[in-house]
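Here is a short report on one protein chain. Look over the sequence and the fold before reading on.

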Amino acid sequence: VDQAFGKGNGEVRPAGGAGYKALEVIQGKADIYAHVTLIKKWDICSGDAMLRAVGGQMKTLKDEEINYDKDTPAANEHGLLAAMNGNLNFYMQKLGPIFGNGA
């Protein structure tokens, strides 16, 4: 966070459950939900659906849509980033190069 936004300009709050973290973003209690390691798609699909229903977005840290088709792997290996109201691009520009785009 310090590398992306400068020292003291962000806070990392550990929390359990991908759906809970997506809900925190929807409710405005968190600006983003970032996950930087492998995560199973069944853990994130409901949060992604909720975000999309209210104008939010969730993508991989490589700035790619998450593909839930049955013929794709069950694991999302490229982390994820979720945000509301068109803010995803701003956060992707800050965090993508650190955690995803260059990895």
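## Pockets and a buried aspartate

Lys41, Thr60, Glu64, Glu65, Ile66, Asn67, Pro73, Ala75, Asn76, Glu77 and His78 form the lining of the second largest pocket. Keep in mind that this model is predicted. The second largest pocket holds about 160 Å³ of space. Its lining splits into 3 nonpolar, 4 polar and 4 charged residues.

Now turn to the largest pocket. Its space comes to about 750 Å³. Helix 2 (18–26), strand 1 (32–35) and helix 4 (88–100) each give two or more residues to its lining. Strand 1 gives the most, with 4 residues. In total, 23 residues line the largest pocket. Glu11, Val12, Arg13, Ile32 and Ala34 are the ones that lie nearest its centre. By class, the lining of the largest pocket has 14 nonpolar, 3 polar and 6 charged residues.

Asp48 sits in helix 3 (residues 41–53). Is Asp48 buried or exposed? Asp48 counts as buried because its relative accessibility is 1%, and the cut-off for buried is under 20%. Which residues does Asp48 touch, leaving aside neighbours within four places in sequence? Asp48 is in contact with Met58 and Tyr68.

Note on methods
Residues numbered from 1 in each chain as written. Predicted model: local features only at pLDDT ≥ 70, side-chain atom pairs only at ≥ 80, totals over all residues. Heavy atoms only, no water. Buried < 20%, exposed > 50% of the residue type's maximum accessible area, 1.4 Å probe, protein only. Contact = heavy atoms within 4.5 Å. 1 Å grid on protein atoms, 1.4 Å probe; cavity = no way out; pocket = protein on both sides within 12 Å on 5 of 7 lines; lining within 4 Å. Points joined across faces, edges and corners; volume = space filled by probe spheres on them. Nonpolar A, V, L, I, M, F, W, Y, C, P; charged D, E, K, R; others polar.
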